[in-house]
Amino acid sequence: MNPLVTPEIGLVVWTTVSLAILFILLGKFAWKPIMGALDERERFIEDSLSKAEAAKDEMARLTNENDVLLKQARIERDAILSEAKKVKDQIISEAKDAAHKEGARQIELARIEINNQKAIAMADVKNQVATLSLEIAEKVLRKQFEDSSKQDALVAELLKEVKL
């Protein structure tokens, strides 16, 4: 018979005792440090996972804040552009109004100047016509009064026309 296949009682006892001593030694010197290292590694992994989750949450929060800030910036940009367009349109409108008013004022001043020049010209023409009329009347009267019979006839005629 083979002694490995059919163990004797002494072999079983000594194997059990050596196995128990091995477990005690392993438990005292190996398993506690190994289990401590495994527990520490597990805590480290859990801490890392929780930190990663916290970082992910923080990143999501920052992304949301950035989106909100970006939307606000766009709204402010649109408001600024809209205000600038309104100001530009207002300035253009005011410039057009001022140009129309200035043009109307210049036209009115020109019209007044034309009327003044026309009045001056008319007065000058009237003066020249009056001067010419007097000269013509003087020449006609001289011709008329050269002859004294014509002078007497004219005086008589004027006396007839005058009624007292």
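Predicted model: local features only at pLDDT ≥ 70, side-chain atom pairs only at ≥ 80, totals over all residues.
Residues are numbered from 1 along each chain as its sequence is written, and side-chain values use heavy atoms, with hydrogens and water left out.

The protein chain contains two helices and zero strands, both kinds of element being DSSP runs numbered from the N terminus, with helices (H or I) of at least four residues and strands (E) of at least two. Of the 164 residues in the protein chain, 1% are buried. The chain exposes about 15000 Å², of which carbon and sulfur atoms supply 65%, as computed by the Shrake-Rupley method with a 1.4 Å probe; for residues, only the protein chains shown count as cover.

Side chains of opposite charge can pair when their charged atoms come close. Seven salt bridges are found in a search of the whole structure, each being a side-chain nitrogen of Lys or Arg within 4 Å of a carboxyl oxygen of Asp or Glu. One of them joins arginine 61 to glutamate 65 at 2.2 Å, N to O. These two residues are about one helical turn apart, because four residues separate them in helix α1 (residues 9–145); glutamate 65 is partly exposed at 37% relative accessibility. Arginine 77 and aspartate 78 form another salt bridge, with their closest N and O atoms 3.0 Å apart. Between glutamate 108 and arginine 111 the closest N and O atoms are also 3.0 Å apart in a salt bridge, and this pair, three residues apart in helix α1, is separated by about one helical turn. Elsewhere, salt bridges that share partners link Glu58, Arg61 and Glu65 into one network.

The following residues are listed with their relative accessible areas.

| Residue | Relative accessible area |
|---|---|
| Arginine 77 | 45%, partly exposed |
| Aspartate 78 | 40%, partly exposed |
| Glutamate 108 | 37%, partly exposed |
| Arginine 111 | 44%, partly exposed |
| Phenylalanine 23 | 43%, partly exposed |
| Tryptophan 31 | 40%, partly exposed |

Phenylalanine 23 lies in helix α1. The structure holds one aromatic pair, and in it phenylalanine 23 and tryptophan 31 are tilted, at 5.8 Å centre to centre and 35° between the planes. Rings of Phe, Tyr and Trp (its six-membered ring) pair if their centres lie within 6.5 Å, and planes under 30 degrees apart count as stacked, over 60 as edge-to-face and the rest as tilted. Leu19, Leu22, Phe23, Trp31, Ile34, Met35 and Leu38 make a nonpolar surface patch of about 670 Å². Patches are made of residues with over 30% relative accessible area and no salt bridge, like charges being joined within 9 Å and nonpolar side chains (Val, Leu, Ile, Met, Phe, Trp, Tyr) within 5 Å.

Leucine 141 also lies in helix α1, and the C-alpha atoms of leucine 141 and aspartate 47, which are 94 residues apart along the chain, are separated by 137 Å.

Definitions and conventions
Buried < 20%, exposed > 50% of the residue type's maximum accessible area, 1.4 Å probe, protein only.
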